Amino acid sequence: MTKKKLSFRTLCIILTFVFLYMPIGVLVLYSFNAGDSTAVFKGFSFKWYIELFNDTATLNALKNTLVLAILSSVISTIIGTAAAYGISKMKNKYIKNATMSATQIPMINPEIVTGISMMLLFVFVAKLINSTSFLGFWTVLIAHITFNLPYVILLVLPKFKEMDKSLPEAALDLGCTPLQSFFKVELPAIMPGIVAGFIMAFTLSIDDFVISYFTTGSGFETLPIRIYSMTKKRVTPDMYALSTLIFITILVLLLISNLADNKNKIELSKKTKKVLKIVGGSVFGTIGIATIIILCISATTEVKTVNVYNWGEYISDGGDDTLDVNKEFEKWAEEYYKSQGKKVRVQVNYTTYASNEDLYAKIANGAGGYDIIIPSDYMLEKMKEEGHLQPLDSSKIPNLKYLDTQFENMFVYERTETGENGEKTTINDRYGVPYTYGVVGIVYNGAELLENAPEILAHIESGNAGWEVMFGIPKRDANGNFVYDSEGKMILDMDDPENKKFNESYLKLKGQVLQFNNPRDAFGAAMYYLDVDVNNPTQEDWRAVYGLLAMQKNYVGGYVMDEIYNKMENGAAWLAAYYAGDCLSMMGENSDLDFFYPVNEEGYHQTNIFADAMCIPAKADENNLELAYMYINFMMEEEIASANAEYIYYACPYTHVINSDDYKINMGYYEYLYSNDGEILEDDEGNYRLKLDANGNPIYDPEGDYAVIYYDFKTPKVDDPNTPEIDFMLPIDYMFERYMYKDLTNVMLTLNDGTEISQLNMLNHKWEQLKVQSTSMIGIYITCGIIAILIVGFIVYSIIIKRKRRKLYWNNTPTPKAKKREDADPDLSDTTLVAIGKAKKREK
Amino acid sequence: MTKKNNILKQAAAYPHIVWAIIFIIAPLLFVAYYAFTDTDEAGKVHFSLANITSLAQATYLEVFLRSVCFAFLATVICFVIAYPVAYFISRTSPKVQKILVMLVMLPQWLNFLIRTYSWMAILEDTGIINSILGLVGLELHMINTPGAVILGMVYNFLPYMIIPIHSAMTKIDPRVLEAASDLGCNPLGVVTKVVFPLSLSGVISGITMVFVPSISTFYISQKLGGGNFDLIGDSIERQFQTQYDYNMGAAMSFVLMLLIIASMAVMNKYSDDEGGVIV
């Protein structure tokens, strides 16, 4: 009997621990992955551990996290212990209760509300004192102390209550001063509470993401924030390596402390104590002296910093035998200053963000302190319009000469200045230097498609596949208008036999298609598909694209950003639209993957093209400007730019890189990004022939100013020597003109009822509508309801039973002594009494 | 002890009180301020109930309902798992207990983003569980379902249920349990009639510590739910980070806060504890 019970007990505990440690096992395993993925295991290697120690930004984030955790937990332990002491001495009930309630607020409040409320306060104060670099280390520290305090107080307070009140009095009677009595008597008694509070505070602080995320500003990045910002690109296994190391360290520490605890029972002799004291003292002394020496040395050399705020995983960072670009810059700049006869230590303070919107939120919040930021096209425009950027001095960036001519006028804005005599001069201000560019393509798993939806694969391989593989073909009525259901969703076309055939194959992809989890790209995809102007849709267009996305929501596997890497690489999803460079990285991990640029019915490529550019914020520190320009120029050096391009797989806008043979050889997917003289979107197999008019002349795109030719996919290829050979291509600047996202903030949309609304608001509104749109989860609601009813029923039942039993007991016992009940725990007495009552009843 | 002396001792709490007023109360007033105001096109701030009332739309009501349901189920599951485990742990020897409790807390030291991330690799259609099930010819679709989101919540917050319950249980005088069984209570009766009422304060703290973070989470639903199940946390985060509609975000936060305070008030009716049991 007992044995069986024991095994059930052990089984329960073991299962729970398996549950708790399963993901940790997985991350330990993948930290030894030879491949780049956190989903496909390619063999055993230590490379991510080596990489981790080369990743200065991550190590810096780790340092920040530790410093923050130690400082915040020490400070909150001190304030909290004092507060608990004060509260325990409070006599006024109202003040005491009010203090306790206020203390508990951060515990009861959701983290996100705490984070946001503090952010609102800090932003307000920053505006008040007109500070640009207010958000940062100090605000995060304050926030951490704030949410740590209640835990410390609530852990220490009970210890004061439990403590024998006569002890400090006895100490005072025996001649202690009040201070002595506190430190010698009270403090040791409450020590367990303080230690527990400190550990709790430290744990909370080290793991906190939400509150730090909202309260941090420039240049201060904790580990959780860094991990979150990787989520635009990908979480790399070196994070897993770091987690493994942290895990092992803590495990070892816990084991040691546990062993030490057991040994503590043996009294240490006075001599050992003395030795320990000397050893401890000398260790701390050495550390202190070393710190002072380091501080002295660093005080004598001038330190120059440049604060770079970039996308996560968007620079060659020294991992995998690549160049650590930031380190190279530091070295180079130090050499440069040396040649000028100055001894300067150069530091690149490199932090990362996850999306344009995150970047904007930080900059618009008034968080200054960034010297270089790298927004994308439309965000650059928005920031420039709102005065968050400063025009660049091209003379300080000599390497601009390498910028491909097609990018020459990009991010250069005209401005007319009226001189003293009223004459007008036009000035061209450059606000950004293109860093990378790319196109959105569709990545698919050929093997899975072949097995499950061969028709779709054949369609893709025919070369005339477009966005319909992502969305299906919606139904239109006889007049060619879209058909919507009552919720405003479109309906898959099942009437037209050809469309029906396609849609039936499309439905085989249900749950396997991934959509972007950001409004601009998700709506963009739908707009390119429906041939809507992405930068100025009409109200009818909005209705259509929303209807399309809402229809798609029934079939998509998820709205994702970085998760796409894992899902595509391990075959969990089969088809997704994503940025070309990232698609190429995925292809490097899984050879079943391939990708294409979607084309429209006429056969020309129709998809988003984007460019990210290096900019200097308006509020950048003037003292750092020199270094900021040096940094931008350095990024355009051939060696550096090719290292970046090879690392992030995005297309490079610098001629000396594209034309270098080294780069062509090293860059595995060169032809995907720039085939034939910048004809970036062509299939190199030459399966297409030109679409010709009746006279045999190529048909030009009627809308554009450019001589873009339609490909003819409908007519099979014939080897006709009379077909004119034209080197046809989509010029990049043409693509940019037509397909790049522009800032929508000030583009107004006139609704049918005459009111005006900004296109950006419309986009956000529609996205919100799409995201919160109901998904059928009746099952969950019903389960919830049933459980809730059961719980309420149980509570009511137990209250009734309790009352009945109490009655029963009091009826059986002639002299109830109510006063006793006040001292004892009511529940305790209740239950014991019930047990006694029951026993009595049985006796009868 | 003189009165003056006591006032001096109370003063030890003042730094905290000042801190709480500046960094706890004041920020909440900001939330309320943003929730009840709106900025018109001229940039003027005016009082408005528009944000609060727009939350009454069916879609937002559904988001709230969904969040409450997810958090509720996660809490119930956590309780069902944690209670027996906490009980069994509390029955072991003090030395083993200490180690087990540490092992429960240990995963919390690793970043929760990373832990959630590695769940993705486990739950994926081609993930670890499905590879094992695949050996016996089964397949279970788990990722991007409501179940996966709830699992993520249970996983991340389970230790916060186990620890307070366990800590309340260790405070139970073993003699009480002996008395109960001596007086003829069967083992199950001992747990339900004696241990459970005595550990109720721990259960209440546990429920708070699981329900509150579950209802406001946003990372878990994005990663394990594939962005298909928007929770309040997701909506709030979006208002602040991508829509820049602080007023709407503050209104949502405000309502969420009220919701939680209301549920806590209901809960606290059943506990006479001051909330001292956390760890």
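The questions below concern the interface of chain A and chain B in a predicted model, and the confidence assigned to chain B.

Q: How many residues of chain B are in contact with chain A?
A: The count takes in residue contacts from either side of the interface. Chain A contributes 133 residues, and the number on chain B is 117.

Q: What share of the area buried between the two chains comes from carbon and sulfur atoms?
A: The area buried between chain A and chain B is about 11,500 Å². Of this, carbon and sulfur atoms give 71%.

Q: Which residue of chain A meets B:Arg238 in a salt bridge?
A: Between chain A and chain B the count is three salt bridges. One of them joins the side chain of B:Arg238, at 3.1 Å from N to O, to that of A:Glu768.

Q: Which element gives the most to the side of chain A that touches chain B?
A: Across the interface, 19 residue pairs are in polar contact. On the side of chain A that touches chain B, the element giving the most supplies 15 residues and spans residues 2-31 of chain A. That element is helix H1 of chain A.

Q: Which element of chain B has the highest mean pLDDT?
A: Chain B averages a pLDDT of 85, and 94% of its residues score at least 70. The lowest mean among its elements, 72, belongs to helix H1 (residues 3-10) of chain B. The highest, 92, belongs to residues 146-170 of chain B, helix H8.

Conventions
Residues are numbered from 1 along each chain as its sequence is written. Chains are lettered from A and ligands numbered from 1 in the order in which they are written. This is a predicted model: local features need pLDDT of at least 70, side-chain atom pairs count only at pLDDT 80 or more; totals for chains, interfaces and linings use all residues. Side-chain values use heavy atoms; hydrogens and water are left out. Contact means heavy atoms within 4.5 Å. Buried area is the accessible area (1.4 Å probe) that two parts lose on being put together, summed over both. A salt bridge is a side-chain nitrogen of Lys or Arg within 4 Å of a carboxyl oxygen of Asp or Glu. A polar contact is a pair of N or O atoms within 3.5 Å; within protein, one must be able to donate a hydrogen and the other to accept it, and residues adjacent in sequence count only if both atoms are side-chain atoms. Helices (H or I, at least four residues) and strands (E, at least two) are DSSP runs, numbered from the N terminus. pLDDT is the predictor's confidence in each residue, from 0 to 100.
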